[in-house]
Amino acid sequence: MFARIVGLFFAVSSIGGAGEPVSIHGALQQSYVLSTKNDFLFRGTKGGSLEFTEATLNATKQVDDRLRVGAQLLSREFGQEGNFDTILDWGYGDYQLSGMFGLR
């Protein structure tokens, strides 16, 4: 998982080119989950679980005066869900037709 995210970071950072660079941000989160009645995600873990880890990497770029694009990758382990598969969490394109009207 970490190698995929790091590899993507270098791939995305290399498309900056001339002009405004690609803006890259990310986060890594490790959580501890403890519940006395709702253990449907972490069955049999009466003492809590550290099986909740998320990593995100997002990038945005102002392509020209009117177009801005961005995307975020997400990798997570959440009990039985995720298993550190990397997915496209969101992506967008924002095109400004004028100062008062745009398409997203």
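Among contacts in the chain between residues at least 6 apart in sequence, 41% join residues at least 24 apart; contact here means heavy atoms within 4.5 Å. This is a predicted model, where local features need pLDDT of at least 70, side-chain atom pairs count only at pLDDT 80 or more, and totals for chains, interfaces and linings use all residues. Residues are numbered from 1 along each chain as its sequence is written, and side-chain values use heavy atoms, with hydrogens and water left out.

Next, the layout. The chain has 1 helix and 5 strands. From the N terminus on, the order of these elements is α-β-β-β-β-β. Helices (H or I, at least four residues) and strands (E, at least two) are DSSP runs, numbered from the N terminus.

How are the strands arranged? They form an open sheet of 5 strands in the order E1-E2-E3-E4-E5, with antiparallel pairing. Strand E1 (23-33) and strand E5 (102-103) stand at the edges with a single partner strand each, so one side of each has no neighbour in the sheet. Two strands pair if DSSP finds at least two bridges between them. As background, strands of a sheet pair through backbone hydrogen bonds, either parallel or antiparallel.

Now the pairs, one at a time. Strand E2 (residues 49-62) and strand E3 (residues 67-78) run antiparallel and are joined by 11 bridges. Within this pair, Asn58 has Gln72 in E3 as its bridge partner.

E3 and E4 also run antiparallel, and 11 bridges join them. Here Ser75 stands opposite Thr86 in E4. E3 and E4 form a hairpin with 2 residues between them, and Gly79 in the turn has a positive phi of about 65°.

How many bridges pair E4 with E5? There are 2, in the antiparallel sense. Gln96 stands opposite Gly102 in E5. E4 and E5 form a hairpin with 5 residues between them.

Phe84, which is in strand E4, has a phi near 60°, a positive value in a residue other than glycine. Most residues other than glycine have a negative phi, and most peptide bonds are trans. Phe84 is partly exposed, at a relative accessible area of 23%. On that scale, buried means under 20% relative accessible area, exposed over 50%, and partly exposed in between (1.4 Å probe, protein chains only).

On to the charged side chains. How many salt bridges are there? The count comes to 2, where a salt bridge is a side-chain nitrogen of Lys or Arg within 4 Å of a carboxyl oxygen of Asp or Glu.

One of them is between Glu54 and Arg76, with the closest N and O atoms 2.6 Å apart. Glu54 lies in strand E2 and Arg76 in strand E3, so the pair ties together parts that are 22 residues apart in sequence. Is Glu54 buried or exposed? Glu54 is buried, at 17% relative accessible area, whereas Arg76 counts as partly exposed at 33%. The two side chains also make a polar contact (2.6 Å). A polar contact is a pair of N or O atoms within 3.5 Å; within protein, one must be able to donate a hydrogen and the other to accept it, and residues adjacent in sequence count only if both atoms are side-chain atoms. Leaving out residues up to four places away in sequence, Glu54 touches Ala27, Leu28, Gln29, Leu74, Ser75 and Arg76.

Asp94 forms a salt bridge with Arg104, the closest N and O atoms being 2.9 Å apart. This pair links distant parts of the chain, with Asp94 in strand E4 and Arg104 in the segment after E5, 10 residues apart. Asp94 is buried, with 12% relative accessible area, and Arg104 is exposed, with 76%.

Last, the surface. Of the 104 residues of the chain, 24% count as buried. The chain exposes about 7300 Å², and carbon and sulfur atoms supply 58% of it. Accessible areas come from the Shrake-Rupley method with a 1.4 Å probe; for residues, only the protein chains shown count as cover.

Which residues form a nonpolar patch on the surface? They are Tyr95, Leu97, Phe101 and Leu103, with about 360 Å² of accessible area together. Patches are made of residues with over 30% relative accessible area and no salt bridge; like charges are joined within 9 Å, and nonpolar side chains (Val, Leu, Ile, Met, Phe, Trp, Tyr) within 5 Å. Tyr95 sits in strand E4 (residues 81-96) and counts as partly exposed at 32% relative accessibility.
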